[in-house]
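Here is a short briefing on one protein chain. Look over the sequence and the structure, then work through the points below.

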Amino acid sequence: MTIKKRLFDKFPPVSREEWMEKIRSDLRGSDFESKLVWQTREGFDVMPFYRSEDLGGSKYRFNRSPLLNKASASPLAGNSWLVRQNIEVTDYSDASFRAVYMLGRGVNSLGFIIKDPGSINSANFDTLLSNICLSETELNFLSNGKALEMVDILASHLLGRDYSSFALKGAIEADPLGRLMLNGTLCIPVEDGLDYLASLIRKSSVLPNLKVLQINGHAILNCGGSAVEELAIAMSMACEYLSAMTDRGIDPDTVVSGMRFLFGTGSGYFMEIAKLRAARILWPVLIKGFKPSSDSSYNIIINSVTGRFNKTLFDPWVNLLRTQTEAMSAILGGTDSLVVEPFDQVIKEPDRFSERLARNQQTILREEAYFDKVADPAAGSWYIESLTELISEYSWKLFLEIEENGGFLKSLKSGFIQKRLKASASKRKENIASGKEVLLGTSLYPDNNEKITGEVMTDRLFSQEVTAEGPENEPLRPFRAAEELEKMRLKAMETEMIPSTAER
C-alpha cells in the first residue's frame with residue numbers, strides 16, 4: 001500500500017503575526033509602511049507579501065479561475081494563444097507573399113491593415129488570400145471604411161473556394177467609438193456610425209466566427225493611463241456599444257458574439273497579468289445586466305498588443321527586453337491572441353529582421369518555455385490573486401463613476417475621461433523626470449556616445465497634435481514617455497554636428 005507523505009508537515013505553520021514580527025525586527029525601527037508598502041499608479045497599496053487569508057472573498061470573484069471565462073479554456077487545453085503579426089497592405093500581391101512567409105514561420109493569426117479603403121474589392125482580396133489556408137489561420141482586417149463590403153467579399157471568397165461559412169475565423173476590427181476617442185470626430189455623425197455598426201453586426205451573421213466590433217482599450221495605455229483606467233474605460237465602451245445595439249433591436253448575445261477586446265500590455269509585469277485576469281472577472285458582472293440567454297456571452301475574447309508608451313529611440317535593443325516581458329504578462333494573463341510589435345516599430349518601418357525577432361519572441365515562449373502548457377499559471381499566487389482582486393475592485397469603481405456621469409459617450413464629450421487620463425499622463429511624466437520611473441538606456445544609464453544612424457521617421461517617433469473640424473470631443477493623444485528626453489538629445493547631437501568658427 002502506497003503511503004502519501006506531505007513533505008512539509010514536519011514544519012510548523014507560520015502565522016502572519018510571526019512574519020510581521022520578523023520583518024519589524026529586520027527593519028530595526030524603520031516604518032513598515034514607508035519602507036515596504038508600494039503605492040501603485042492605479043491608486044492602491046501593495047503589500048510586500050500575501051497569504052491565502054488575504055483573499056477576502058471579493059464580490060467580483062467567482063469560485064473558480066478567471067481563465068475559465070476564456071472561450072477555449074479547459075484544464076486539458078492548457079493556455080493556448082494565437083501568434084499574430086500585422087501587415088500594412090499597400091500592394092496586395094506583396095502582402096500575400098509576406099503573409100505566406102509569416103505563416104511558414106510560426107504565425108497563425110494575421111492582421112491586414114489596409115491603408116486605402118478604396119482598394120477593397122474582390123479581385124484584390126482574391127490576390128491577398130488565394131495562398132492562405134482559411135480554416136487554419138485567423139484573419140483580421142482593419143480599414144478606415146468599407147467594412148460592410150468586406151463581409152460580402154469574404155463570404156464570396158469562401159464560397160468560391162468551397163469553404164464553409166464557419167471556416168473563416170478572425171475579425172473586421174470596426175470601432176467607431178474608439179476612433180471618435182482618438183480623433184475627436186467621425187467622418188459621419190456618431191449616431192449614423194452606430195447605425196452602420198448595427199448593419200455590420202447583422203450582415204456578419206453569414207460568417208458566424210467573424211468578429212466585427214473591437215474595443216480598443218490599448219489606446220488608454222498608450223496615452224499614459226493605468227491598468228485600472230484601461231480596463232474601466234474599455235468596459236464602459238463595451239457597455240455603450242451594448243446599449244446602442246440593443247436599442248437598435250439586436251439581442252445582447254448577437255452583439256457579444258461579434259465583439260472582441262484589444263488590450264495593451266505594458267511594463268508592469270504582475271500588474272498586466274492581473275489586468276487580463278480581472279477583465280475575465282468583470283465581464284460576466286457587466287454582461288449579466290443585459291440578461292443574455294447564452295452561456296457563451298459570459299466569455300470575453302481578448303487580443304493583446306505590446307504597448308508603445310515605454311519604447312525608445314536610443315538604445316532600441318532594450319525594446320526587445322520590454323516587449324518580451326510584456327508578451328509574458330499577456331500570455332500568463334490569458335490572452336487569446338498576441339501581437340508583439342517589432343522593437344523598431346516606433347522608429348521606422350520594421351524590416352524582415354525585426355519582424356523575425358518579434359515572431360521568435362513568441363515562439364520561444366511557446367516552444368521552449370512551454371507557456372502554453374498550464375491553464376491559468378498565475379492561479380494560486382496570492383500576490384497576483386490579490387492584485388487581480390484590487391484591479392477588479394478599482395476598475396469597477398471607475399466604471400461606475402463613468403456610468404454615473406452618463407456613460408462613455410457623455411463622459412467623453414464632457415471631458416471627464418480626458419481629464420482623468422491627462423492627470424495620469426502628467427504624473428508619469430513627473431515620475432520619469434524625477435527618476436521614480438525608469439527608462440533603461442534613456443533616462444538611466446544612457447550611452448552618451450550613441451549615434452543615430454539610418455532612417456528615422458519623426459511622424460512615428462513623436463506624437464502629433466490631433467486637429468479636427470467641429471470635433472465632438474477633445475481627442476486623446478497617445479505619446480511615448482521618452483519623447484521629451486529624446487528631443488533634447490537629438491537637439492544636442494545636431495549642435496555637436498555644427499562646426500566651430502575656427503573650423504569654418
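**Briefing**

Leaving out neighbours within four places in sequence, alanine 482 is in contact with Lys311, Thr312, Leu439 and Thr442. Contact means heavy atoms within 4.5 Å. This is a predicted model, where local features need pLDDT of at least 70, side-chain atom pairs count only at pLDDT 80 or more, and totals for chains, interfaces and linings use all residues. Residues are numbered from 1 along each chain as its sequence is written, and side-chain values use heavy atoms, with hydrogens and water left out.

**Confidence**

- The chain has an average pLDDT of 90 (the predictor's confidence in each residue, from 0 to 100).
- A pLDDT of at least 70 is reached by 92% of the residues.
- Over residues 500-504, pLDDT stays under 50.
- For residues 500-504, the model has two contacts beyond four places in sequence.

**Alanine 482**

- Alanine 482 sits in the loop between α17 (458-461) and α18 (483-497).
- Helices here are DSSP runs (H or I, at least four residues), numbered from the N terminus.
- Is alanine 482 buried or exposed? Alanine 482 is buried, because its relative accessible area is 0%.
- The cut-offs are these: buried means under 20% relative accessible area, exposed over 50%, and partly exposed in between (1.4 Å probe, protein chains only).
- Isoleucine 432 is 50 residues away from alanine 482 in sequence, and their C-alpha atoms are 8.5 Å apart in space.

- Helix α9 covers residues 227-247, which is 21 residues.
- From first C-alpha to last, α9 reaches 30 Å, close to the 30 Å expected at 1.5 Å a residue.
- The expected span of a helix is 1.5 Å times one less than its number of residues.
- α9 is mostly covered, with 17 of its 21 residues buried.
- Glycine 249 follows α9 and has a positive phi, near 90°.
- Helix α6 (residues 176-183) and α9 have axes that come within 10 Å and cross at roughly 130°.
- That angle is why α6 counts as oblique to α9.
- Axes are lines fitted to C-alpha atoms, for helices over the stretch in contact, and angles run from 0 to 180 degrees between N-to-C directions.
- Angles under 35 degrees count as roughly parallel, over 145 as roughly antiparallel, 65 to 115 as roughly perpendicular, and the rest as oblique.
- Which residues make the contact? From α6 come Pro176, Leu177, Gly178 and Met181, and from α9 come Met237, Glu240 and Tyr241.
- The residues of this contact divide into five nonpolar, one polar and one charged.
- Ala, Val, Leu, Ile, Met, Phe, Trp, Tyr, Cys and Pro count as nonpolar, Asp, Glu, Lys and Arg as charged, and the others, Gly among them, as polar.

**Helix α16**

- Lysine 427 has its place in helix α16 (residues 416-434).
- Lysine 427 has a relative accessible area of 44%, so this residue is partly exposed.
- Lysine 427 and glycine 225 are 202 residues apart in sequence, yet 10.0 Å apart in space, C-alpha to C-alpha.
- Alanine 433 is also found in helix α16.
- Alanine 433 counts as exposed because its relative accessibility is 72%.
- Alanine 433 and tryptophan 19 are 414 residues apart along the chain, with 36 Å between their C-alpha atoms.

- Arginine 28 has a positive phi, near 55°, and is a residue other than glycine.
- Arginine 28 is in the loop between α1 (16-27) and α2 (32-36).
- Its relative accessibility is 77%, so arginine 28 counts as exposed.
- Tyrosine 370 is not a glycine either, but has a positive phi of about 60°.
- Tyrosine 370 lies in the loop between α13 (352-368) and α14 (382-404).

**Histidine 218**

- Histidine 218 lies in helix α8 (residues 218-222).
- Histidine 218 counts as partly exposed, because its relative accessibility is 22%.
- Not counting residues up to four places away in sequence, histidine 218 touches Glu230, Leu262, Phe263, Gly264 and Val305.

Methods
Helices (H or I, at least four residues) and strands (E, at least two) are DSSP runs, numbered from the N terminus.
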